[in-house]
Amino acid sequence: MKRFLATALVLLPLAAHAVTPGEMLPDPAMEARARAITSELRCLVCQNQSVDDSDASLAKDLRVLVRDKLKEGLSDAQVKDYVHSRYGDFVLLRPPLKMGTILLWAAPLLALLAGGLGVWSAARRRIAPASPGALTAEEREKLRALGVEEARD
Amino acid sequence: MIVETGHYALVLALALALAQFAIPFVGARINDVALMRVARPTAIAQFLFVAAAYGALTYAHVVSDFSLVNVIENSHSLKPFVYKISGVWGNHEGSMLLWVLVLSLCGALIAIFSATMPDKLRADALSVQGLLGAAFLLFILLTSNPFARVDQPPWEGRDLNPILQDPGLAIHPPMLYLGYVGFSIVFSFAAAALIGGRIDAAWARYARPWTLFAWTALTLGIAMGSYWAYYTLGWGGFWFWDPVENASLMPWIAGTALLHSAAVMEKREALKVWTIFLSILAFSLSLLGTFLVRSGVLTSVHAFASDPDRGVFILGILVFFIGGALALFAIRAGSLPVGGLFSPISREGALVVNNLLLSATCATVVIGTLYPLALEALTGEKISVGPPFFNTVLIPIALPLALLMPIGQMLAWKRGDLGAALQRLRAAFAVGVLAAAVLGAWQGTPFLSIVTAGIAVYLVVGALSDLALRAKGAAGFSFRRLLGLPLSAWGTSIAHAGMGLTLLGLAATGWGVESILSMKPGEYYDVGPYKLAIEEISPRNGPNYSEVYASMAVRSGGETVARIEPAKRFYQARKMQRSEAGIVTLGLGQVYAAIGESHADGSIDARLYWKPLVTLIWIGALFMAFGGGLSLADRRLRIGVARRAPAALPEAAE
């Protein structure tokens with residue numbers, strides 16, 4: 001019965017040490033690029049961790065791979081594409097924009113639009129009776145019949 | 001025997017829950033006051049019986065009764081006493097029992113504090129609460145019995161997961177559940193109002209204190225959990241947009257929206273239909289979160305499909321209650337009267353925009369959390385939706401919301417003057433821009449941190465200047481007037497300022513300093529404005545673990561200002577390692593250190609951090625909760641207490 005690894009809480013995998021000093025590149029600028037890339041890659045064998053945070057051996061392999069590719073002179077985008085082509089969409093913590101994820105990326109905008117439309121239509125329904133227009137000729141006639149001579153609009 | 005008594009108490013609680021559902025409901029339909037009044041005693045009795053069951057399980061954990069599967073799998077005779085108690089909810093069965101305990105507590109609280117409520121509304125609300133209780137008690141008894149025994153008790157248990165053996169765990173889940181499940185009260189009230197067909201400002205007056213109560217508890221629960229992650233993880237991450245975290249964030253956002261719309265409903269009788277909808281939504285999201293966490297669906301869609309008893313059961317509960325409430329809503333919402341009118345530029349208008357932005361945020365979190373599950377179930381495609389997605393799409397919604405908060409506070413009800421409101425916020429704008437400029441000149445990057453910090457400072461000043469302006473009478477600022485302001489005004493300003501503080505703490509994460517290195521004992525290494533050196537590395541034994549710790553000196557300007565002891569712990573029972581960070585708070589920032597592998601030359605791998613203003617993230621949350629508490633203490637909201645005395649008279653005459 002080990003299905004329920006998680007408690008009701010934030011499940012925290014053991015991430016004592018992710019990046020170790022031995023893995024790091026001597027060039028701080030290149031190392032910073034490597035960190036930025038690996039923090040957006042998912043550790044494929046972990047519950048929900050980035051490659052940068054995980055101490056799983058697969059994550060370590062990926063960290064080394066990314067750094068090797070950077071040393072070879074690849075650009076950030078080329079390195080990401082390389083990892084993406086090898087491990088698929090699942091490795092990207094920022095899902096790629098494509099047919100299957102259009103709804104996901106559009107979700108906040110759609111929610112705002114739908115909500116805005118709802119607010120607008122509700123407001124229209126509500127404001128309409130709140131600001132009565134000018135009296136029609138017929139209404140003036142009725143008022144006059146009731147003895148109100150000067151109906152102010 | 002105690003264990004069997006507990007099990008039996010749980011069965012009796014189920015019977016009571018069913019009675020609590022059926023009798024008052026029938027009473028309310030046939031207008032029989034005697035039947036309706038069965039609700040209160042049964043709700044209290046149900047709570048007492050669940051509490052008895054919970055007590056029995058706690059007892060079994062405390063005395064290490066290894067004839068119980070639950071105790072074997074989650075306890076150890078050497079485990080410290082506190083974790084024997086908190087270990088009760090550190091597993092599936094126990095945490096579900098805690099869930100039901102809080103649910104029945106909510107029922108009992110309604111029963112106790114509803115003296116002034118109309119009989120019918122109370123009967124229907126407690127009836128719904130009873131049905132909820134029955135569903136979850138049945139779930140526990142049929143699929144997750146914590147009282148299951150084994151034939152051959154082992155000598156020793158398998159211990160609790162070391163990560164869960166922490167003081168943070170002792171407070172986090174009960175607090176979280178109090179909030180999460182606390183929204184069931186508002187849910188029941190909404191369902192009762194829909195069943196009875198009467199929804200007015202009085203309803204909002206009954207429902208709002210409970211919303212505040214649940215929201216305050218949830219705020220503290222989430223903050224606690226995030227701080228726990230921060231110091232347990234070993235590198236100071238505090239929020240990961242993990243589905244399990246999102247499960248608690250979704251009801252929090254919906255609850256925040258509800259808090260504000262209920263205020264409009266109470267003061268101006270407007271937004272009634274929407275408030276009822278949010279009341280249903282907040283608890284529905286709690287149920288959704290429970291399903292996500294408890295069904296195993298997060299580990300893998302396939303794991304869920306291959307072993308579905310629990311998941312399908314909770315899914316059934318979820319569909320029944322959410323579907324039922326929404327169906328009721330759909331049937332009744334049309335016939336609800338339209339409430340008070342207001343101009344778009346008004347406090348109400350601002351709160352509508354607040355609700356719009358919060359709803360979009362909530363929808364985004366829900367969709368981001370469920371999307372990968374749905375996509376995999378439908379197409380088999382696997383994607384990850386991680387922090388980069390949530391940060392990218394939510395920051396553009398959150399920052400405008402923060403900008404709006406003080407403006408909304410400054411607008412009058414019904415018809416406001418935007419120009420005047422902005423004018424009154426001149427000082428706040430100026431201070432915010434100044435803060436951003438100073439930080440920009442001092443730190444430079446990242447740009448987002450500077451903008452966020454500027455908005456955060458504006459928010460704090462703007463929220464508090466509302467109080468200052470209100471205290472300013474014709475004869476200038478009056479201290480007495482300030483103290484005389486209603487507690488709910490104080491609550492609003494303090495909670496909003498708290499949000500600003502949290503935002504400032506979040507912005508400051510951009511200026512943190514990280515250093516990953518091999519430290520040689522005795523040598524000093526720079527971390528931000530401080531220097532750290534290892535003075536000693538040695539082993540030591542705890543009650544159920546052994547550890548290697550490094551004693552580090554933290555120096556500032558040649559003087560040792562603090563000592564920290566990051567450690568690596570090894571738990572024998574589970575053969576698991578856990579890193580224990582060394583943390584010291586200096587000003588509002590923290591120096592944070594964690595150690596790793598040691599090398600032959602005596603050096604040790606370490607991660608050192610300087611995290612400026614980081615404590616503000618949680619201090620801000622404390623302010624938010626404090627603001628919630630203040631509003632809750634406002635006389636106007638304590639109607640149950642304030643009006644009980646006169647209400648008792650006609651009852652005595654009966």
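1. Axes here are lines fitted to C-alpha atoms, for helices over the stretch in contact, and angles run from 0 to 180 degrees between N-to-C directions. Helices (H or I, at least four residues) and strands (E, at least two) are DSSP runs, numbered from the N terminus. With these terms, helix 1 (residues 2-29) of chain B and helix 7 (residues 119-143) of chain B have axes that come within 7 Å and cross at roughly 150°. Helix 1 of chain B is therefore roughly antiparallel to helix 7 of chain B; angles under 35 degrees count as roughly parallel, over 145 as roughly antiparallel, 65 to 115 as roughly perpendicular and the rest as oblique.

2. This is a predicted model: local features need pLDDT of at least 70, side-chain atom pairs count only at pLDDT 80 or more, and totals for chains, interfaces and linings use all residues. Residues are numbered from 1 along each chain as its sequence is written, while chains are lettered from A and ligands numbered from 1 in the order in which they are written.

3. On confidence, the complex has an ipTM of 0.83 and a pTM of 0.89 from the predictor. The mean pLDDT (the predictor's confidence in each residue, from 0 to 100) of chain B is 88, and 95% of the residues of chain B reach 70 or more. For chain A the mean pLDDT is 78, with 80% of residues at 70 or more. Within chain A, helix 3 (residues 76-87) has the highest confidence, at a mean of 92, and helix 5 (residues 137-146) the lowest, at 79.

4. Two stretches should be read with their pLDDT in view. Residues 1-16 of chain A have pLDDT below 50, and beyond near neighbours in sequence this stretch has 53 contacts in the model. Two residues are in contact if their C-beta atoms, placed from the backbone, lie within 7 Å. In chain B, pLDDT stays under 50 over residues 640-654, for which the model has ten contacts beyond four places in sequence.

5. The contact between the chains takes 42 residues from chain A and 63 residues from chain B. The side of chain A that touches chain B has 27 nonpolar, eight polar and seven charged residues. For these classes, Ala, Val, Leu, Ile, Met, Phe, Trp, Tyr, Cys and Pro count as nonpolar, Asp, Glu, Lys and Arg as charged, and the others, Gly among them, as polar.

6. Domain bounds come from an automatic or database domain assignment. Chain A is divided into domain 1 (21-91) and domain 2 (99-146), and the C-alpha centres of these domains of chain A lie 51 Å apart. Chain B is assigned domain 1 (1-165), domain 2 (168-412), domain 3 (425-509 + 619-654) and domain 4 (513-611).

7. In chain B, the C-alpha centres of domain 2 and domain 3 lie 22 Å apart. Here 18 residues of domain 2 of chain B are in contact with 21 residues of domain 3 of chain B. On the domain 2 side, helix 10 (201-233) and helix 16 (387-410) of chain B each supply at least two residues. Helix 10 of chain B gives the largest share of that side, ten residues. By class, the side of domain 2 of chain B that touches domain 3 of chain B holds 13 nonpolar, three polar and two charged residues.

8. Returning to the helix pair of point 1, helix 1 of chain B passes helix 7 of chain B in a left-handed crossing. A crossing is left-handed if the near helix is turned anticlockwise from the far one by less than a right angle, and right-handed if clockwise. The residues of this contact of helix 1 with helix 7 of chain B divide into 18 nonpolar, five polar and two charged.

9. Helix 19 (residues 447-470) and helix 21 (residues 487-508) of chain B pack at an angle of about 165°, with their axes 8 Å apart. That makes helix 19 of chain B roughly antiparallel to helix 21 of chain B. The crossing of these two helices of chain B is left-handed, and the residues of their contact comprise 19 nonpolar, five polar and two charged.
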